[in-house]
Amino acid sequence: MRAQGPPEDRGPAGFVERGRGYDPPVMPAPRNEMTAPVRGGELVPLRPRAAAEPIADPRRSDVDEWGRSERLRALARALYGPVYRNWFRAEWEGLEKIPTEGGALIIANHAAALPSDAPVIMHGIEEELGRPVYGLAEHLFKAVPLVGTLWSRGGGVAAHPENAYRLLREQQQLVLVFPEGAKGPGKTYGERYRLRRFGRGGFVEIAMRAGVPIVPIAVIGAEESMPIAMKLPAISKLLRLPYFPITYNQLVFGPLGGLIYFPAKFRLRVLDPVRFDVPPDQERYSKSRIMDEAEAIRVQLQDTLHDMLRKRRSVWFG
Amino acid sequence: MGIGTFWGGRVAQALERDPDVEMIVGLGVEEPTVALERTEYVRADQSYSILARIVRATQVDTVVHTFLVVDSTRMTGRQLHEINVIGTMNLLAAASAADSPVRTLVVKSSGLVYGSTYRDPVWWREEMKRTQPPKTRVERSLLEVEGYLRDFADDNPHVCVSLLRFANVLGTDIETPITTALQLPLAPSVLGFDPLVQFVHEDDVVRSIEWVMRNQIPGVFNVAGDGKLPWSEVAAIAGKRQFPLSPILTGLAAAPLGMLRLVDLPPELLDLLRYGRGIDNRRLKATGFTYTYTSAGAVESFAEASRLRRTVGETRPAYRWERDVENFFSHSPAVVRES
């Protein structure tokens, strides 16, 4: 609903109606000799601060600022392990290309009505490398009771450029993102392994700004684990979902069995990390450069997928 | 100094201790709720229309604006608009008059200006824009106020304008829907949601206002204790079990609590109990300010204080402001003053 103040008082501030913005106003940059503006108006003290005594922080749970709980994540890994090993039988190539320290933006092709690739990638990297992976995803999850909470405790973070920047630049974490967005899993079976548009290249811009490499991963198997037979646009519109699928899983296992994945064999190939020779923390990066880089990564990922599919003898046995 | 409300009283108390502060004038709709030594108190109408006269007459150089209402359960939307928007307009008009002596203006706003939705980033920095239009009257009025303030800062570059946006405040002396909720036998929550929330201790509120005022630090600053914690953990620290409200039609589910006079949960708080909010406090810290409580620390301190109060009652005698008595102490030659 559009917010409207009483008309007589909506005065010159008027951000109620100014463009897209319902913005809290930004005041002129502080002009104080104690502080000097750096990136985006952040301040740094000119004189070093006396080391303050740490103050008591009586935390009881291990939930971090992103909502992730390592304990819950470990439980999820323990429960998911058998699925990963025995159902999807995931096999990695080039796992050593994922940095063992420092931030990196991991990207992959996205598939299956309920995406099965994100848990496989996160589980695989966390088990093998012992590093946490934060999965950036559609914030729609967050609005669903219970699902949103579990998703966030299990390492899911709402896809917001600011969140990605903090995780990558300031905390040097591994971040997983699917540049296709919801268009990836929304493909029907006939469109499998055809990469969609990589958004507006936002992932490249984030990596440039954060000064971290992009590590692309090509995944096969996810497409066949829960393929979409058809989509019902009328229902998705009604429910305000990106898509509302009828999956082959529902056709085979019945409407309630639609949550069971087909045991497709997962193969994942890590490509060489892509680094950009641009300085981090810039206000803006060349749009054409961003689009070119994004397209280059997309083409490379698509070629890799074709290559892997050429070598795949069976959907179920790899 | 222009001062009103509980926060005004607390800030005035802090300033009274400083001999360099010559004079403190308090301005409020209601009588002060804290004991003040040498603050002159003036009772004003809701829209603070006498402000211009006071500013001219007393030649104040610093105005601390703490009367913005951020708790919408205290009054009707109309009144809230009157106080927040019209009151601020009068204040800014008085401060920007041609011969105005005002050189410092500190305004207490709220993290409510960022809203609380599922699209939000995990941390808000001061220059970020909210992701959804404001839904509630209190959020709209705060945004309007901040807009006027921005214009004021643009038009009056000689005035040091500081705008502080506070996270939810916890303290024994202040009553907000959150403090009320945390004193119920069961802490209300929304079923299936466990948002990350952030608090600031009331002492840090007063200290931060004093800090930006004394050091003349202009700009917008978030003020919140370090860290965020899930609501379930807040309940655990407070020693409460949760009382989950229905995730659909939550407003309707929360209404009986208000009718039973247990706790009035306004829509902006129900949003917070769903999606939480985190405001990045690093900009203020970079100016040298140090907090005395983290978010979890504020919860614990609050929980301990309310346990004590439950057991032994008020630890401090309740203060009632009486004009004649205060006038006597302030002005009578019979009172012995030091210095």
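Axes in these legends are lines fitted to C-alpha atoms, for helices over the stretch in contact, and angles run from 0 to 180 degrees between N-to-C directions. The model is predicted, so local features need pLDDT of at least 70 and side-chain atom pairs count only at pLDDT 80 or more, while totals for chains, interfaces and linings use all residues. Residues are numbered from 1 along each chain as its sequence is written, and chains are lettered from A and ligands numbered from 1 in the order in which they are written.

**View 1. Helix α4 of chain B lies across strands β4 and β5 of that chain.** Helices (H or I, at least four residues) and strands (E, at least two) are DSSP runs, numbered from the N terminus. α4(B) runs at about 160 degrees to β5(B). Two residues are in contact if their C-beta atoms, placed from the backbone, lie within 7 Å. β4 (residues 104-110) and β5 (residues 160-166) of chain B are joined by 7 bridges in the parallel sense; two strands pair if DSSP finds at least two bridges between them. Ser109(B) has Arg165(B) in β5(B) as its bridge partner.

**View 2. An open sheet of 4 strands in chain B has the order β3-β4-β5-β10.** Its pairing is parallel. β3 (62-65) and β10 (219-223) of chain B are at the edges and have a single partner strand each, so one side of each lacks a neighbour in the sheet. From one strand to the next, the twist averages 15 degrees.

**View 3. Helix α11 of chain B covers residues 295-312.** The 18 residues of α11(B) reach 26 Å from first C-alpha to last, close to the 26 Å expected at 1.5 Å a residue; the expected span is 1.5 Å times one less than the number of residues. Among the buried residues of α11(B) are Ser295(B), Glu300(B) and Phe302(B). A residue is buried if 20 or more other C-beta atoms lie within 10 Å of its own, exposed if 12 or fewer, and partly exposed in between, with C-beta atoms placed from the backbone. The cover over the buried residues of α11(B) includes β6 (168-170), β9 (199-201), β11 (229-230) and α7 (231-237) of chain B. After α11(B) comes Gly313(B), with a positive phi near 75 degrees.

**View 4. Val299(B) is among the residues with the most contacts inside the largest nonpolar core.** A nonpolar core is a set of buried Ala, Val, Leu, Ile, Met, Phe, Trp, Tyr and Cys residues joined through C-beta atoms within 7 Å. This core has 160 residues, and Leu105(A), Ile106(A) and Val175(A) are also among those with the most contacts inside it. Helix α4 (residues 137-155) of chain B gives the most to the core, with 8 residues. Leaving aside residues up to four places away in sequence, Val299(B) touches Leu170(B), Phe199(B), Val234(B), Ile237(B) and Ala238(B).

**View 5. Strand β8 of chain A (residues 214-220) has 7 of its 7 residues buried.** On one side of β8(A) are Ile214(A), Pro216(A), Ala218(A) and Ile220(A), and on the other are Val215(A), Ile217(A) and Val219(A). β8(A) pairs with β4 (residues 104-108) of chain A in the parallel sense over 4 bridges, where Ile107(A) stands opposite Pro216(A). With β11 (residues 267-270) of chain A, β8(A) pairs in the antiparallel sense over 4 bridges; there Val219(A) stands opposite Leu268(A).
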